[in-house]
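Here are my notes for you, written as numbered points. Keep the structure open beside them and find each residue as you read.

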Amino acid sequence: MTKTGWVGLVSAMLIAGCTGDMDTEQEQSSMSVKEQFEELERVHDARSAVLEKLEENRELGQLLWQEQMGNFYSMMNLIPHQMHFDGFEYTQPELLHLHDYDDMAAMTEAYVQSLVPINSREHSLCLRYSHNQGFVLKEGFEFPFRHRLAYLQMTLDDGDVLQMPDVANGERETNDIVHRGDFYCYQGEFTADDPQPATVSAEFDAQLPANLIEFEFTAADVGETMEQDGYLVTLLEFEQGRYAIEIDAVEGQSMDFGSQDVLAEAVDEYGNYIAWRGTEREPLHRAQRIDNLLDDLFNRADQGTLDEATARSELINLRDTLKEEQGRKLFLSRAFNGSVDKALITLMVYSEDSEEVRRELELPVYNSPAPMAASEENLRALPQIPLTAPVYDGRIQLRTSVVELNEELLQQQMRMVQYQHAPGEGFAESEYSSHMSWFYPPVQSDFFLNKRDRAGGLHVLATFDFYDEQGEPVEALEPEETESNIEGTEGPESEARAYEYQHRKIEYPFMIGQLLFNPDQFTAQPASVKAKLPMIVAPNLIKDSYAKDDLPTGITLNGNQLMIDYAVFEPREIAEVTDEVTQRRNQVFVKDSHGYLAEIRKDTFFHPHLRRVAVDVYYFYGEPETVEIWYKGQTTLHEYEVELPLLSGDGIQAQ
């Protein structure tokens, strides 16, 4: 796409989702996104024309173009941030793992022990270097505090050393190793007879916060300032699944906050943490004020009354003014994929009292075996991963106590999002300009039922009734067969196309997790919809639990290694065994006295004479005391009923 196209498209989307000057906002509210696109593209074309006239004043032209493009990228970053979220997504608290340990020091030690280099032939990004050979440096969880982790070199079992790239400083490869994605690739292939990786050396430095200060806001607190321990947080905005805050401190209090030192989180009305989708660290009006100045500078440049020194001076003065207005206050706006009920702010305060941690590490490498037959000899020779401190599984399905939604909770907690696009935009480029999607909160049964499973095969049972503004039913029009639909061919091909056209459009196509329709193809304009969606639910999960000293035949536990031989151990039989996740007819977890342990790795080997009968080998952080095997159990149907007013224009709305 040309620069003109990019600027026009992005600017149009930005205006559609942002607030600005009141008069401008009112003018834009009456314009469709398409109309805004056309207007902004016209303005950009006019600016480009001005630049073409400045051939003799290259310094001014270059300055204006650089400033325009710089501000353009600032505004571009606001697109997903300012527009309404288009789906619900849930997550875990950022300091989840801190609550798993007695204190920060214990959590830090568990993190250091969780660093495990895993060498294997599983890395497709390494194909061109070493025929898929490489290694990943696995960490049990993301360390949330200030730290530096530098991997230095790999030592082979014969003492030879491979130098690793200094990734933290931008180095991507050495003569020995290339960093690609999350993997490290060797600059050559290893054979079974070559010396094998033995250890990876690393340096870990961390600083732990001296204090964690927490604030909580709701929509009713907009404009309010809260103070704790000399720090002040003001809630500036709270809308559309996003909020903005400003952070200040009393005189003499340090404001030493890096970009990772302020946690801005959100929960919905049921306490579920919502995943964030965008962050802004400057208020929107800054980009708008710079753009207003650029408008003036381009006009004066076109009139020949502007020189480069004056333009540069005015731009510097505006930025100085904006900086002075902001002072030392920190601005932070965060957008989320869901309806925010509470904003949760955590300030991680570092000071002279902060504890310093430093470790020189020699990490043993786990050399994953190549594919092999699941013979007793091969399984006995599998390498071990040394025991580590426990790291607890952070998956939300294991941390929630809700097995499944009952009918009442289903009605309360399922969420719907509507999209309506103007003609020629988005989904309207196909035959549908509107759609509605549903979203499910986190429950334990998510291990067995994804979005497709919950609605799979049930679209024929779902009902959607549309009504006009007077509450009278409206019906979808039957598609019309016209020459234009099937022109261009004759004979069997023409007949086939005519048949396809007549049958491809059903009245209300309930796709997986969404309803697509065109409001212009009804007997009257629909204003609302009533829907009944039958959902598959699994409230009867079966959880078989075995103590490590009383495991069934076919299951063995050796330290942190769990082995399940499905030629010997026969899981419970359940119905609906269709996909890779459930083909073993179970989900496997291990626990210690505190909770479910996180998995380091899983390998699968197959018996040579038993078709697709497997042996699964798991490795976990910590030492398991209990093995649990979960089964889906008997499923049933709950009916989700919803009545929604439809959007009258293009936009997004969540309920």
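1. Start with the side chain of Ser120, which reaches the backbone nitrogen of Glu122 at 3.4 Å. That side chain also makes a polar contact with the side chain of His123, at 3.3 Å. A polar contact is a pair of N or O atoms within 3.5 Å; within protein, one must be able to donate a hydrogen and the other to accept it, and residues adjacent in sequence count only if both atoms are side-chain atoms.

2. A word on what you are looking at: this is a predicted model, in which local features need pLDDT of at least 70 and side-chain atom pairs count only at pLDDT 80 or more, while totals for chains, interfaces and linings use all residues. Residues are numbered from 1 along each chain as its sequence is written, and side-chain values use heavy atoms, with hydrogens and water left out.

3. Where does Ser120 sit? Ser120 is found in strand 2, residues 116–120. Helices (H or I, at least four residues) and strands (E, at least two) are DSSP runs, numbered from the N terminus.

4. Is Ser120 buried or exposed? Ser120 counts as buried because its relative accessibility is 4%. The cut-offs are under 20% relative accessible area for buried and over 50% for exposed, with partly exposed in between (1.4 Å probe, protein chains only). Leaving aside residues up to four places away in sequence, Ser120 touches Asn132, Gln133, Gly134, Ser368 and Arg601. Contact here means heavy atoms within 4.5 Å.

5. Now look for the disulfide: the structure holds one. Cys126 and Cys185 form this bond, with their sulfur atoms 2.1 Å apart; the definition asks for a pair of cysteine sulfur atoms within 2.5 Å. The pair links distant parts of the chain, 59 residues apart: Cys126 lies in the loop between strand 2 and helix 7 (127–130), and Cys185 in strand 7 (residues 183–186). The torsion about the S-S bond of Cys126 and Cys185 is about -75 degrees, so the disulfide is left-handed. Cys126 is buried, with a relative accessible area of 0%, and Cys185 is buried with a relative accessible area of 0%.

6. Next, find an open sheet of four strands, in the order 28-29-32-31 with antiparallel pairing. Strand 28 (555–558) and strand 31 (599–606) stand at the edges with a single partner strand each, so one side of each has no neighbour in the sheet. Two strands pair if DSSP finds at least two bridges between them. Strand 28 pairs with strand 29 (residues 561–565) in the antiparallel sense over four bridges, and Thr556 stands opposite Met563 in strand 29.

7. Another open sheet has three strands in the order 27-33-30, again with antiparallel pairing. Its edge strands are strand 27 (542–547) and strand 30 (587–591), each pairing on one side only. Five bridges join strand 30 to strand 33 (residues 626–631), and these two run antiparallel. Val590 has Val627 as its bridge partner in strand 33.

8. Finally, step back to the whole chain. How many helices and strands are there? The chain has 15 helices and 35 strands. Of its 655 residues, 47% count as buried. Among contacts between residues at least 6 apart in sequence, 74% join residues at least 24 apart.
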